[in-house]
Amino acid sequence: MKNSGLAVLAVLIFMLAGPVMAAPLPLQMIVNNDSMQCARFLPGDECMDCTPPEGWEILGPYTSCPESYTLVTVNGNCKGLEREHCCTEKHSGASGDCTNLIKNDLAKECAFVTNASNGTVIDGWQRMPENATSSSWVCPLDYTWTTLAATIPDDAEQFGPVNVVSVKNDADYHVTSGNYVSGWTWLRQPGQSATWTFYNLPTDRKLYIYLAPLVTRPSGNGGGSGYSTDARITYATRTGSINSAVALKNMHPEFQMPADTMGWGYQTSGYLMIPADKIPLNGQITVTLAKLPNSEHVAVNKECCTIEYI
């Protein structure tokens, strides 16, 4: 058994070899207490991170296989790292994650951008071809690395330095039952909600969820005038779901009155900031707005929620 473990180590080191031998991380002893098995595990190197399979626990680099346990060989779950060195031709180490690498052959430059496969690439730059693999798509040795702003999603509009991303596809907007009036759906009951899904967002900067729904406090059998209210916003992050109350502030507080203003002055606005380290790594964010109990009526449509960033 010990010889088989050394053989596996030799094969792994050979696979990681380059012009200069990479420095693999120390071998770890891992155990599966359910099956009473142990294995020597290579957690990766400078260009790849490997984790043990489900059910296996890391004991450490200098521990022995527990008595009565069987030494076996297992394969870990490995993921290449997005690093310049790991995506340069003839680099040492295992294959990196080079899917977001773009090249400029005229300037002889390489760069990483967010969501290169789906975003809009700047003129003169090329993304990884569909028939290429991440391990074969690397930066030539005579090219230099540079830093570019993240690609802009195809559905983003630019206003000076500000990018505004809207939902374009009907399938990415969903609203629960409500009263539909003139292009808006009114959320009148607690828990009624609307959901917007955004794609290909940058993951290297803070984002702002901007909301512009209509709000009114009903009077009699009809609507009243515009009011401010709070709503619950939920969105998923790379570490879990976040729930937050957002203040929707009326833009015409001077017209708040019991009388029905027939829709005039119903517009509100509110926003919520998402820190860069909370943005999901795939650049996808789904935002849900829900009516709170005892709050005013809120009207939503596909256009009243956007994501903005600089």
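Disulfides, cores and a buried glutamate

A disulfide joins C87 to C98, with an S to S distance of 2.1 Å. The model that shows this link is a predicted one. The torsion about the S-S bond of C87 and C98 is about -100°, so this disulfide is left-handed. Both cysteines lie in the loop between β7 and β8, so the pair ties together parts that are 11 residues apart in sequence. C87 is buried, its relative accessible area being 0%, and C98 counts as buried at 1%.

A search of the whole structure finds five disulfides.

With -85° about the S-S bond, the link of C47 and C86 is left-handed. C47 sits in the loop between β3 (44-45) and β4 (48-51), while C86 sits in the loop between β7 (77-80) and β8 (101-104), so the pair ties together parts that are 39 residues apart in sequence. C47 and C86 are both buried.

C50 and C78 also form a disulfide, their sulfur atoms lying 2.1 Å apart. Here the angle about the S-S bond is 110°, and the link of C50 and C78 is right-handed. C50 belongs to strand β4 and C78 to strand β7, so this pair ties together parts that are 28 residues apart in sequence. Which of these cysteines is buried, and which is partly exposed? C50 has a relative accessible area of 8% and is buried, because buried means under 20%. C78, with a relative accessible area of 44%, is partly exposed.

With the bonded cysteines of the chain numbered in sequence order, the pairing reads 1-4, 2-6, 3-5, 7-8, 9-10. C304 is in no disulfide; its nearest cysteine sulfur, that of C305, is 6.5 Å away. For a disulfide the sulfur atoms must be within 2.5 Å. C305 is likewise in no disulfide, and its nearest cysteine sulfur is that of C304. C304 is buried, with a relative accessible area of 4%, and C305 counts as buried at 0% relative accessibility.

The largest nonpolar core has 36 residues, of which W196, F198, I209, I233, I285, L289 and V300 touch the most other members. For I285, leaving aside its neighbours within four places in sequence, the contacts are W196, T197, F198, L201, L207, Y235, I274, I279, P280 and I307.

The last stop is a glutamate. E296 is found in the loop between β22 (285-291) and β23 (297-300). Is E296 buried or exposed? E296 counts as buried, at 12% relative accessibility. The side chain of E296 makes a polar contact of 3.0 Å with the side chain of R217. A further polar contact, of 3.2 Å, joins the side chains of E296 and T229.

Technical notes. Residues numbered from 1 in each chain as written. Predicted model: local features only at pLDDT ≥ 70, side-chain atom pairs only at ≥ 80, totals over all residues. Heavy atoms only, no water. Helix = DSSP H or I, 4+ residues; strand = E, 2+ residues; numbered from the N terminus. Buried < 20%, exposed > 50% of the residue type's maximum accessible area, 1.4 Å probe, protein only. Core = buried A, V, L, I, M, F, W, Y, C linked by side-chain atoms within 4.5 Å. Contact = heavy atoms within 4.5 Å. Polar contact = N/O pair within 3.5 Å; in protein donor to acceptor, adjacent residues only side chain to side chain.
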